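Please keep the sequence and the coordinates at hand while reading.

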Amino acid sequence: MQSTEITFDNLGETGDLFTALLRARYHHFIMVRGWPMPNVRGLEFDQYDTPESVYCAIHDEASVQGGFRITPTTARCMNSTYMLRDAQRGLLPDLPRDVLDTEAPQDPHIWEVSRVFVSDRLKSRERMLVRHTMGRSFAQLSQKWRINAFLCLTSVTSALLTRRSGLELTPAGPRFDAAGEICQAYHLKVRSRTPEGLPQMRAEGIRNAG
């Protein structure tokens with residue numbers, strides 16, 4: 001299993017993997033969870049999939065088993081900025097305007113995490129390995145892109161599982177119902193050490209194409 005960073009700068013080398021990532025997102029968010037998201041030909045995407053975002057695909061060869069997207073909180077594309085800030089601005093009717101306890105930051109060292117998923121087709125131990133690989137990827141991406149902290153919006157259940165991957169989550173807003181799931185915004189930071197009790201599993205480091 002390996003983790004590959006995808007940006008619009010390296011799409012010449014990672015284009016097929018990027019397409020596979022969007023197909024995996026379609027399966028996870030639309031087919032499995034039933035969320036009404038933009039899609040075409042089995043690819044899931046939205047207005048935040050721009051050159052300002054960086055993607056991480058956790059995969060075995062061409063089989064994507066998990067992934068996420070990170071976007072700087074300074075991002076802007078026409079009227080859109082990033083998801084949590086746009087929700088606070090009232091631009092996303094499916095999300096509450098009080099999604100964050102404080103004003104959404106615009107700081108080059110704070111990035112938003114979104115579209116986090118782990119394949120439902122994996123066994124329990126395999127899903128744990130994917131989350132462990134994600135934790136390593138967050139640490140490496142933080143160093144490369146000089147990120148001090150993240151903001152994310154996820155289900156409360158996913159947040160509890162994410163803590164086992166070496167990440168520290170603290171609430172950043174109130175809980176609310178979204179498409180039948182209890183969700184919440186979180187501050188996310190990378191812990192400097194492996195959390196106690198985490199199985200010692202082998203995973204390749206993140207690979208930078210290009």
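## A buried loop residue

Leu-122 has a relative accessible area of 11%, and because this lies under the 20% cut-off the residue counts as buried. The model in which it is found is a predicted one, and Leu-122 has its place there in the loop between β6 and α3.

Once its neighbours within four places in sequence are left aside, Leu-122 is in contact with Gln-65, Arg-127 and Val-130.

## Aromatic pairs

The structure holds seven aromatic pairs. In one of them, the ring centres of Phe-138 and Phe-150 are 5.3 Å apart and the ring planes stand at 70°, which is over 60 degrees, so the pair is classed as edge-to-face. This pair links distant parts of the chain, with Phe-138 in helix α3 and Phe-150 in strand β7, 12 residues apart. Both Phe-138 and Phe-150 are buried.

Elsewhere, one aromatic cluster is formed by Phe-8, Phe-18 and Tyr-55.

## The largest pocket

How much space lies in the largest pocket, and which residues lie nearest its centre? The volume comes to about 1,100 Å³, and of the 45 residues that line the pocket, Phe-29, Arg-33, Trp-35, Met-37 and Arg-115 lie nearest the centre. Two of these residues also meet in a charge-over-ring arrangement, in that Arg-115 lies over the face of Phe-29 at 5.7 Å from the ring centre.

By class, the lining of the largest pocket consists of 28 nonpolar, nine polar and eight charged residues. Among the elements that each supply at least two residues of this lining are the helices α1 (11-32), α3 (124-145) and α4 (156-162), together with strands that include β7 (149-155) and β10 (181-190). Strand β6 gives the most to the lining, with six residues.

## Positive phi in two loops

Glu-61, in the loop between β4 (54-60) and β5 (63-72), has a phi near 55°, a positive value in a residue other than glycine. Its relative accessibility is 72%, and because this is over 50% Glu-61 counts as exposed.

Arg-146 likewise has a positive phi, of about 55°, although it is not a glycine, and its place is in the loop between α3 and β7. With a relative accessible area of 64%, also over the 50% cut-off, Arg-146 is therefore exposed.

Technical notes:
Residues are numbered from 1 along each chain as its sequence is written. This is a predicted model: local features need pLDDT of at least 70, side-chain atom pairs count only at pLDDT 80 or more; totals for chains, interfaces and linings use all residues. Side-chain values use heavy atoms; hydrogens and water are left out. On a 1 Å grid over the protein atoms alone, a cavity is a set of points where a 1.4 Å probe fits but cannot get out, and a pocket is an open set with protein on both sides within 12 Å along at least five of seven lines; lining residues have an atom within 4 Å of a point. Grid points are joined across faces, edges and corners, and a volume is the space filled by probe spheres set on the points. Helices (H or I, at least four residues) and strands (E, at least two) are DSSP runs, numbered from the N terminus. Ala, Val, Leu, Ile, Met, Phe, Trp, Tyr, Cys and Pro count as nonpolar, Asp, Glu, Lys and Arg as charged, and the others, Gly among them, as polar. Rings of Phe, Tyr and Trp (its six-membered ring) pair if their centres lie within 6.5 Å; planes under 30 degrees apart count as stacked, over 60 as edge-to-face and the rest as tilted. Buried means under 20% relative accessible area, exposed over 50%, partly exposed in between (1.4 Å probe, protein chains only). A charge sits over a ring if NZ of Lys or CZ of Arg is within 6 Å of the ring centre and within 35 degrees of the ring normal. Contact means heavy atoms within 4.5 Å.
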